[in-house]
Amino acid sequence: MKVLVPIKRVIDYNVKVRVRSDGTGVETANVKMSMNPFDEIAVEEAVRQKEAGVVSEIVVVSCGTTACQETLRTALAIGADRAILVDTAVELQPLAVAKLLRAVVDREQPRLVILGKQAIDDDCNQTGQMLAALLGWPQATFASKLVVEAESALVTREVDGGLETIRVGLPAVITTDLRLNEPRYVTLPNIMKAKKKTLDPVTPDALGVDVTPRLKTLRVDEPPKRKAGAKVPDAQTLADKLKNEAKVVQ
Amino acid sequence: MDFEFSEEQNLLRDAVRKMMDRVATPEYVRRLDREQAYPTELYQAWVDMGLIGLPFPEAYGGSSGSVIDMVILAEELSRKSADFYMAYAGSIFCGLNVLRKGSEEQKKRWLGQLLEGKIRMSISMSEPDAGSDVGAMRTTARRDGDHWVINGQKVWATGAGAKDNVINVYVKTDTTVNYRQGMSLFLVENTTPGLEIRKLEMLGRRCVGTYELFFNDVRVPADQLIGGENKGWECVLSGLQIERLCSAAGNCGAAQAAVDLALEYAKERKQFGRPIGTNQAIAHMLADMQTEVDAARTLTWRAAWMVASGRDALREISMAKLMSSETYVKVANQGMQILGGYGYNMEFDMQRHYRDARSATVAAGSSQMQRNVIAGLMGLKVQ
Ligand SMILES: Cc1cc2nc3c(=O)[nH]c(=O)nc-3n(C[C@H](O)[C@H](O)[C@H](O)COP(=O)(O)OP(=O)(O)OC[C@H]3O[C@@H](n4cnc5c(N)ncnc54)[C@H](O)[C@@H]3O)c2cc1C
């Protein structure tokens, strides 16, 4: 079974993000970039399925500038078999990415697409759902457990109030939640092996997709500064304050 | 001019940093320092990740990494603890000696176990009366059938007492000639009968530990002599450049960690209603600290690049070792000042840097010895 794992290059989660002074976005110059953590979980899951003998080939794809090659290499080092870079400098929005991915799915014919549930930069949480709709495939989002069988997949989902287990027919789109797995460290021999794996570039034009942005960002602002907290001398004062000032307890 | 790392090198750095963040957490580093305990779990993570194999050829299970790769690794590992890095350095540099000077049989036997994490390695050269002056060593080995018998005393042996450690010990096998012609290298398992090992009470680097060794008729099979009889000095020389280079890189990583700590503190700590880092006196101190760390790193990278491109870099490596070790001591000292009373407290990390740093200008060739080398290469006859 072939699996497609789309991955996004985002600002590393350890970086303190700063808004550009002109309010057009966040500062990305000289900022450390990494694979979106949810996507790393998706790659890890695909590799585990391959190790379990369920999956035979893992193709990773990233849409963006040539810098995304580095992120793709990381995925190859974790254990993906080959990579595709949809090379474009255009700012990509979820719908454009979903369309690009549909075109890649048409070419590659995977039985399963595993994506992160959202990217930690724009937090859209849309691409997987849009892709499923465009393909007319079933979707199972926020997966915390995945059992893949020949014709279907059993997916445990994290929903408000608990866990829900659903069965989806294949082919299907699955998006990962944080607790699906803990990604491994990339080993040195695998970094070296990743060098030799193929990474094919393709353009949106070649895929026949118009990626022109449909949404316009008006302005990006810093979140409001948190006010300084207050120290209380004892638990009694705290309880009083919670009751009478904050009014969060009765 | 090109200061760019390759895609794989960036990947290596990222992967190592990630693993170190996960395993060598601040709590882990503090606890082990407090308990003076060996970083067993971390060493295992290095093995699992294939890091012990970095510089070794694929035929022995390694990854054929370059000098630059090794320098990247030294910097990343030392960022968490210069002490822990010594466990890595010991295994790698001793293993490389076996690779360069061992017979095919010896390489198969020792490197396999080393890369699988079944054994570790450490170096032991210094003696009570032979520090900078290696030639003054008195420990000897004499041939007895198919064994060698070692007698004498060694000191300051980092990591010698660790579990499953094989000590790479340099001793005299011919006392009638200059040590350069009369020294040999033996691999001695630290459980060998007749060998007594004692952990020493030291100011810093307390986890991997510093040991003294007493050899009383320690019998070592002849096939554990590496590089041939009286060829020990050639073994030392063959590894000296890369060892000092990586030691310089390690100092840079540790020094950067000390600067990062001080910087973070200066931004957070408020006195007189504003962060102490807004005082020019503190801000300039931090600017100088970072500048010096960058200067040391640049010297280190230049030396690494020279070695990688096959040039002799004794002068540059000595400069990098000198500058980086002095810088680590200096920034740790200034870091203590910036952290005020908290720096002096054992629950904060700056005091560990202050203690660990202090050995950097002594071990792996003291600053004075580096200056002797540099001055010598400048045509000065230093007495
Ligand atoms: C934490 C730590 C770990 C170590 N680990 C190991 C190890 O794993 N294996 C090992 O074999 N050794 C190890 N050593 C020993 C280290 O290599 C020696 O300490 C070092 O070579 C200096 O020797 P010494 O301590 O006898 O000092 P000395 O050589 O007695 O020097 C004392 C002082 O005199 C100066 N000096 C000496 N000669 C000259 C000269 N010709 N010109 C100018 N100044 C001079 C020195 O720079 C120093 O400041 C370790 C040391 C430390 C502190």
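Predicted model: local features only at pLDDT ≥ 70, side-chain atom pairs only at ≥ 80, totals over all residues.
Chain A comprises seven helices and 11 strands. Its C-alpha trace extends over about 65 × 45 × 40 Å along the principal axes. Of the 250 residues in chain A, 39% are buried. Among the contacts in chain A with a separation of 6 or more, 69% are accounted for by residues 24 or more positions apart.

Helix 3 of chain A covers residues 94-108, that is, 15 residues. The distance from its first C-alpha to its last is 20 Å, close to the 21 Å expected at 1.5 Å a residue. The buried residues of this helix include Pro94(A), Ala96(A), Val97(A), Ala98(A), Leu100(A), Leu101(A), Val104(A) and Val105(A). Lys99(A) and Arg102(A) are also buried. After helix 3 of chain A comes Gln109(A), which has a positive phi, near 55 degrees.

The contact between the chains draws 13 residues from chain A and 14 residues from chain B. On the side of chain A that touches chain B, the elements giving two or more residues are helix 2 (68-78) and helix 5 (188-194) of chain A. Helix 2 of chain A gives the most to this side, with five residues. By residue class, the side of chain A that touches chain B consists of seven nonpolar, three polar and three charged residues.

The largest nonpolar core contains 179 residues. Val5(A), Val60(A) and Phe186(B) have the most contacts inside this core. Helix 8 of chain B (residues 232-268) gives the most to the core, with 17 residues. With its neighbours within four places in sequence left aside, Phe186(B) contacts Ala141(B), Trp148(B), Ile150(B), Val169(B), Val171(B), Val220(B), Gln224(B) and Leu225(B).

The ligand is surrounded by 19 residues, of which the closest are Gly131(B), Ser132(B), Thr158(B), Ser366(B) and Gln368(B). Strand 1 (120-124), strand 3 (147-158) and helix 12 (367-377) of chain B are the elements that give two or more residues to the shell around the ligand. This shell divides into 11 polar residues, seven nonpolar residues and one charged residue.

Notes:
Residues numbered from 1 in each chain as written. Chains lettered and ligands numbered in written order. Near = placed C-beta within 6 Å. Helix = DSSP H or I, 4+ residues; strand = E, 2+ residues; numbered from the N terminus. Nonpolar A, V, L, I, M, F, W, Y, C, P; charged D, E, K, R; others polar. Expected span 1.5 Å × (residues − 1). Buried ≥ 20, exposed ≤ 12 C-beta atoms within 10 Å, placed from the backbone. Contact = placed C-beta atoms within 7 Å. Core = buried A, V, L, I, M, F, W, Y, C linked by C-beta atoms within 7 Å.
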